[in-house]
Amino acid sequence: MKTIYLVIITAVCLIGYPAVAQTAPSGTITYQQFYDQLSPYGTWIHYPGYGEVWHPNVGEDFKPYATNGYWENTDQGPYWESGYNWGWAPFHYGRWTYDDSYGWLWIPGYEWSPAWVTWGDVDDYYAWAPLASELIADALARPHDYYWNMVPRHTIYDHNLSHYLANESHIRQNASRI
């Protein structure tokens with residue numbers, strides 16, 4: 001039932017916006033490619049339970065799928081268009097997790113997606129959160145409140161999306177209704 005709900009929410013997000021053609025990259029991706037191309041932009045850390053994870057060199061206000069980017073409506077679903085030079089990998093392969101000591105950490109994965117997020121809505125807002133790692137996905141019914149991002153519906157495809165993000169207080173008050 002939850003899968004049907006997420007499909008419906010994603011479809012609702014797309015109504016009224018022309019889809020841009022988007023295709024997955026061809027070929028396979030390797031850990032070495034991730035390591036070589038992401039190293040200039042962050043630090044690789046050996047993290048218990050996940051092995052090697054990547055910590056981007058970004059400010060404390062960084063949130064995956066919210067900072068320095070925007071959503072594009074594509075024929076494969078909502079696609080995160082990142083403004084970071086390194087955005088091609090962490091927003092389309094692998095998953096994100098948050099650690100109180102390090103901040104956001106990217107866990108490499110080898111399957112491409114327009115964005116590894118879950119969608120929801122509440123009142124006049126669309127909401128999305130990075131999907132949990134495959135290792136803990138079954139244990140979580142929903143992402144932690146801190147993972148969620150929210151914007152008014154009419155701004156979901158705005159290229160200045162970060163200007164419309166709801167503040168943490170608003171998200172905390174509404175996350176249980178997403």
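Which ring does lysine 63 lie over, and at what distance from the ring centre?

Modeller: Lysine 63 lies over the face of tyrosine 146, 5.1 Å from the ring centre. Keep in mind that this is a predicted model; its mean pLDDT is 86, with 81% of residues at 70 or more. There's another charge-over-ring case: arginine 153 has its charged end over the ring of tyrosine 126, at 4.9 Å from the centre.

Take phenylalanine 34 and tryptophan 106: their planes are at 85 degrees and the centres 5.0 Å apart, so they count as edge-to-face. That pair bridges distant parts of the chain, since phenylalanine 34 belongs to helix α2 and tryptophan 106 to strand β6, 72 residues apart. Both of these residues are buried. Tryptophan 88 and tyrosine 93 are edge-to-face too, with 6.4 Å between centres and 75 degrees between planes. Here tryptophan 88 is partly exposed at 29% relative accessible area, while tyrosine 93 is buried at 7%.

Then there's a cluster linked by ring pairs, whose members include Trp54, Tyr65, Trp80 and Trp128. Histidine 92 touches some of this: among its contacts beyond four places in sequence are Tyr65, Trp80 and Trp116. The histidine 92 side chain also reaches the backbone oxygen of tryptophan 80 at 3.0 Å. Histidine 92 sits in the loop between β4 and β5, yet is buried, at 3% relative accessible area.

One caution: residues 1–15 stay under 50 in pLDDT.

Methods: Residues numbered from 1 in each chain as written. Predicted model: local features only at pLDDT ≥ 70, side-chain atom pairs only at ≥ 80, totals over all residues. Heavy atoms only, no water. pLDDT = per-residue confidence, 0-100. Contact = heavy atoms within 4.5 Å. Helix = DSSP H or I, 4+ residues; strand = E, 2+ residues; numbered from the N terminus. Buried < 20%, exposed > 50% of the residue type's maximum accessible area, 1.4 Å probe, protein only. Polar contact = N/O pair within 3.5 Å; in protein donor to acceptor, adjacent residues only side chain to side chain. Phe/Tyr/Trp six-rings, centres within 6.5 Å; stacked < 30°, edge-to-face > 60°. Lys NZ or Arg CZ within 6 Å of the ring centre and 35° of its normal.
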